Amino acid sequence: RLCSHRSHRAAFCTDMAQVGLKRQLALALLAAAIFTFTRRLPEANVQPPRFALRVCEKCVSRSAGNGYNPKGVLQQTAKMAAEAGWPAPNVEWGKCTGGCDYGPTVRLVKGDIAIPVAVEGMTEDEVSFKAFLAVQSEMEAERAFGLASRHIAESSADEPQPDIEIPA
């Protein structure tokens with residue numbers, strides 16, 4: 001039998017109200033968790049990896065390969081490629097690649113930590129060094145740039161594009 005006393009009824013109503021609030025809070029938290037784990041939020045500033053062609057500064061300073069410096073041709077080719085809308089890695093000085101006997105060397109690197117990249121079209125020795133070897137002429141510099149640019153274009157096409165779902 002229900003107690004007819006006012007204080008008991010008020011306490012019962014208060015208890016039921018608290019249970020209702022707790023239930024609503026639990027359902028709201030559950031809904032938020034389901035929304036968070038089932039929806040993918042847009043990724044901020046998804047950038048393709050940064051590529052650079054690094055000319056071995058030691059090779060050039062030691063006049064390896066008859067003293068040819070491929071940096072100028074690489075920079076000019078990169079500028080023209082970028083203007084035409086083709087992938088164009090940055091061209092910069094690099095550290096020794098260990099291929100001093102085959103210099104000057106040019107290495108394609110990827111990402112913020114500059115991971116050396118071997119590309120299709122490199123010779124067996126170049127793949128081993130992960131650098132273009134004996135870049136001693138404009139033709140060799142343009143070959144290195146062309147293979148690097150093709151690799152960049154293919155790798156950006158292969159990378160998965162982020163799924164962006166707009167919450168309803």
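This is a guided tour of one predicted model, stop by stop, with what to select and what is there.

Residues are numbered from 1 along each chain as its sequence is written. The model is predicted, so local features need pLDDT of at least 70 and side-chain atom pairs count only at pLDDT 80 or more, while totals for chains, interfaces and linings use all residues; side-chain values use heavy atoms, with hydrogens and water left out.

**Whole chain**

Start with the protein chain in cartoon view, where there are 5 helices and 4 strands. Helices (H or I, at least four residues) and strands (E, at least two) are DSSP runs, numbered from the N terminus. Along the sequence the pattern reads α-β-α-α-β-β-β-α-α. The chain has 168 residues, and 29% of them are buried; buried means under 20% relative accessible area, exposed over 50%, and partly exposed in between (1.4 Å probe, protein chains only). A contact is a pair of heavy atoms within 4.5 Å. Of the contacts with a separation of 6 or more, 71% join residues 24 or more positions apart.

**The sheet**

Next, select the 4 strands, which form an open sheet in the order β2-β1-β3-β4, with mixed pairing. Two strands pair if DSSP finds at least two bridges between them. The edge strands are β2 and β4 (115-116), each of which pairs on one side only.

Select strand β1 (residues 51-56) together with β2: the two are parallel, with 5 bridges. In this pair, Arg54 stands opposite Glu92 of β2.

Now move to β1 and β3. These strands run antiparallel and are joined by 5 bridges. Phe51 has Lys110 in β3 as its bridge partner. Of the 5 residues in β3, 4 are buried.

On to β3 and β4, which pair in the antiparallel sense over 2 bridges. Here Val109 has Pro116 in β4 as its bridge partner. The hairpin of these strands has 4 residues between them, and in this hairpin Gly111 takes a positive phi near 85°.

To look at the faces of the sheet, turn on side chains. In a regular strand the side chains alternate between the two faces of the sheet.

Select helix α3 (residues 71-83), which lies across β1, β2 and β3 and runs at about 160° to β2. For such angles, axes are lines fitted to C-alpha atoms, for helices over the stretch in contact, and angles run from 0 to 180 degrees between N-to-C directions.

Within helix α3, pick Thr77. Is Thr77 buried or exposed? Thr77 is buried, with a relative accessible area of 16%.

**The loop between β2 and β3**

Select Gly99, which is placed in the loop between β2 and β3. Gly99 is buried, at 2% relative accessibility. Apart from neighbours within four places in sequence, Gly99 is in contact with Thr105 and Phe129. The C-alpha atoms of Gly99 and Ala134 are 9.0 Å apart, although the two residues are separated by 35 residues along the chain.

**The aromatic pair**

Rings of Phe, Tyr and Trp (its six-membered ring) pair if their centres lie within 6.5 Å; planes under 30 degrees apart count as stacked, over 60 as edge-to-face and the rest as tilted. The count by this rule is 1 aromatic pair. Select Tyr102 and Phe129: their ring centres are 5.6 Å apart and their planes are at 65°, so the pair is edge-to-face. Tyr102 lies in the loop between β2 (90-94) and β3 (106-110), and Phe129 in helix α4 (residues 124-129), so the pair ties together parts that are 27 residues apart in sequence. Tyr102 is partly exposed, with a relative accessible area of 39%. Phe129 is also partly exposed, at 24%.

**The cysteines**

Last, select the cysteines. How many disulfides does the structure hold? It holds 0 disulfides, a disulfide being a pair of cysteine sulfur atoms within 2.5 Å. For the sulfur of Cys56, the closest cysteine sulfur is in Cys59 at 3.5 Å, too far for a bond. Cys56 is buried, at 1% relative accessibility. For the sulfur of Cys96, the closest is in Cys100 at 3.7 Å, again too far for a bond. Cys96 is partly exposed, at 38% relative accessibility.
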